[in-house]
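Take a look at the model below.

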Amino acid sequence: MPTEKLSYNSKAYSLFRPNAPPKVIDVILKYLEENIPKDQWNIFVDVGCGNGQGLKQLSRHFKQCYGFDISEGQIKEAQNENVLNNVVYDVCPAETLPAIKDKSVQLLTAFTAAHYFDRPKFFKETDRVLVENGVVAFVGYYIPVPNDPISKDKALPDLMSSIANNPELVKHENPLMTPIKTHYRDLKFPDNYEYCHKDNIAFTFPAHAQDLIGYIQTWSFFQAFLEDNKTAAETLLKNFERDLKKVLKTDDLNSYEITLTFNYFIGMGRKKSD
Ligand SMILES: C[S@@+](CC[C@H](N)C(=O)[O-])C[C@H]1O[C@@H](n2cnc3c(N)ncnc32)[C@H](O)[C@@H]1O
């Protein structure tokens, strides 16, 4: 699997919330181009846009772009950082897009956000705003797979998988996250959409072993476990750290280099009729 040449400090590819890799963007644009030529790419909307990470990557392909999110904080950050003339950010739910005219949008995306939406309501709105053959793309990824470039064996990925599937931890998962675990295969599109699913679009970059410990602490289900049973959650993390040192045969996790592979998936639908 090729490793993209990226530095540890690259802001764009921050460890825990990476930008979607160019391969993902290419898959979406190729799918769109199958039925709508590039010179007709006028309006692009990114819903659940957060601080605009996904939107920025696609904006140069469209005349006018909109980023909407229900979080005022995220939108404020996106607006403050915005330097693009063709991009507008606003606080707005994905399910109701009053700023967008009927049958005007060629592409509508949601990067790691679609599992939060009221999808029946959302698809009513996409029916309204999309042109014929307009595309809705849901992009996601789950927990990345760490690898040890020295041993190259399965001990490290197995250790990560065992903590992610720890029964006590899993009890604290938000059910809204289930579609992410099934790679959005269960997020059904209505019958008037031609459906396409792409999986295992791998994106690998370097990290340090210690980053895994920081990463686990960002999981919302780890935070919920911590709140529910602090001692048990802390013990789980301590045991992970102990086992990590054993597996990598080092006490210096801060300088031990590993790789992280995010496997992206995309659920895409092309509107064939209203
Ligand atoms: C995991 S973040 C992803 C943010 C961004 N798309 C990215 O890839 O960095 C999910 C975002 O969806 C937003 N969100 C959740 N439900 C929403 C809804 N119904 N309508 C619009 N945004 C929503 C949240 O506020 C959050 O910013």
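How many of the six residues of strand E2 (residues 64–69) are buried? Five of them are, and the strand is mostly covered. Buried means under 20% relative accessible area, with exposed over 50% and partly exposed in between (1.4 Å probe, protein chains only). Helices (H or I, at least four residues) and strands (E, at least two) are DSSP runs, numbered from the N terminus.

This is a predicted model: local features need pLDDT of at least 70, side-chain atom pairs count only at pLDDT 80 or more, and totals for chains, interfaces and linings use all residues. Residues are numbered from 1 along each chain as its sequence is written, and side-chain values use heavy atoms, leaving out hydrogens and water.

Start with strand E1 (residues 43–47). E1 pairs with E2 in the parallel sense over five bridges; pairing requires at least two DSSP bridges between the strands. Ile43 stands opposite Gln64 in E2. From E1 the chain crosses through helix H2 (residues 53–58) to E2, a right-handed β-α-β crossover. Right-handed means that, with the strands pointing away from the viewer, the path from the first strand over the helix to the second runs clockwise.

Now move on from E2. E2 also pairs in the parallel sense with strand E3 (residues 87–91), over five bridges. Here Tyr66 stands opposite Val88 in E3. E2, helix H3 (residues 72–81) and E3 make a right-handed β-α-β unit.

Finally, go back to the loop between E1 and H2, where Asn51 is found. Asn51 is buried, at a relative accessible area of 13%. Leaving aside neighbours within four places in sequence, its contacts (heavy atoms within 4.5 Å) include Glu77 and Tyr89.
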